Amino acid sequence: MSDADKTAPVAANDNDLFNVVEAADFLRLKRSTLDHYRCEGRGPIYRKHGARVYYTRASLMAWSERQMFSSTSTRVEKKT
């Protein structure tokens, strides 16, 4: 294996797992905000492995896409 092969970036995968800190960074939120959303049931879908919480890239993107507004009082309806 050449040095170029060792440093090549790995393609993003929808099933990649993010821990809470990584997920918060990905969404540009504070960890405490993401924790709060999870406790209230308003956050992205997550997985638990024992006591550890993980999010998939797909669930983070799906949650983010549902957070679309055209004004402070009007949510944008997603077209199917």
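User: Why is Asp-16 called partly exposed?

Analyst: This is a predicted model, and in it Asp-16 has a relative accessible area of 27%. Buried requires under 20% and exposed requires over 50%, so Asp-16 falls in between and is partly exposed.

User: What makes the pairing of Arg-57 with Asp-16 a salt bridge?

Analyst: The closest N and O atoms of Arg-57 and Asp-16 are 3.3 Å apart. The cut-off is a side-chain nitrogen of Lys or Arg within 4 Å of a carboxyl oxygen of Asp or Glu, so the pair counts as a salt bridge. The two residues lie in distant parts of the chain, 41 residues apart: Arg-57 is in helix 4, and Asp-16 is in the loop between helix 1 (3-7) and strand 1 (17-19).

User: How many salt bridges does a search of the whole structure find?

Analyst: The search finds four. One of them joins Glu-40 and Arg-42, with 2.7 Å from N to O. Glu-40 is partly exposed at 45% relative accessibility, and Arg-42 is partly exposed at 47%.

User: What separates Arg-38 and Asp-35 along helix 3, and are they buried or exposed?

Analyst: They are three residues apart in helix 3, which means a separation of about one helical turn. Arg-38 and Asp-35 are both buried. Their closest N and O atoms are 2.9 Å apart, in a salt bridge. Asp-35 and Arg-38 also belong to a salt-bridge network that includes Arg-31.

User: Why is helix 2 called roughly perpendicular to helix 3?

Analyst: The axes of helix 2 (residues 20-27) and helix 3 (residues 31-40) cross at roughly 105 degrees and come within 8 Å. Angles of 65 to 115 degrees count as roughly perpendicular, so helix 2 is roughly perpendicular to helix 3.

User: Which residues make the contact of helix 2 with helix 3?

Analyst: Helix 2 contributes Val-20, Val-21, Ala-23, Ala-24 and Leu-27, and helix 3 contributes Arg-31, Leu-34, Asp-35 and Arg-38. By class, the contact has six nonpolar, three charged and no polar residues. Beyond its neighbours within four places in sequence, Ala-24 is in contact with Leu-29, Lys-30, Arg-31 and Leu-34.

User: What makes up the largest nonpolar core?

Analyst: The core has ten residues: Phe-18, Val-20, Ala-23, Ala-24, Leu-27, Leu-34, Val-53, Tyr-55, Leu-60 and Trp-63. Membership requires being buried and joined through side-chain atoms within 4.5 Å. Helix 2, strand 3 (52-56) and helix 4 (57-65) each supply at least two residues of this core. Helix 2 gives the most, with four.

User: How do you know that Arg-28 is exposed?

Analyst: Arg-28 has 78% relative accessibility. The cut-off for exposed is over 50%, so Arg-28 counts as exposed. Arg-28 sits in the loop between helix 2 and helix 3. Its phi is near 60 degrees, a positive value in a residue other than glycine.

User: Why does Glu-77 count as exposed, and where is it placed?

Analyst: Its relative accessibility is 65%, and exposed means over 50%, so Glu-77 counts as exposed. Glu-77 is in the segment after strand 5 (74-75). From C-alpha to C-alpha, Glu-77 and Arg-66 are 8.6 Å apart in space, and they are eleven residues apart in sequence.

How values were computed. Residues numbered from 1 in each chain as written. Predicted model: local features only at pLDDT ≥ 70, side-chain atom pairs only at ≥ 80, totals over all residues. Heavy atoms only, no water. Axes fitted to C-alpha atoms, helices over the stretch in contact; angles between N-to-C directions. Parallel < 35°, antiparallel > 145°, perpendicular 65-115°, else oblique. Contact = heavy atoms within 4.5 Å. Nonpolar A, V, L, I, M, F, W, Y, C, P; charged D, E, K, R; others polar. Buried < 20%, exposed > 50% of the residue type's maximum accessible area, 1.4 Å probe, protein only.
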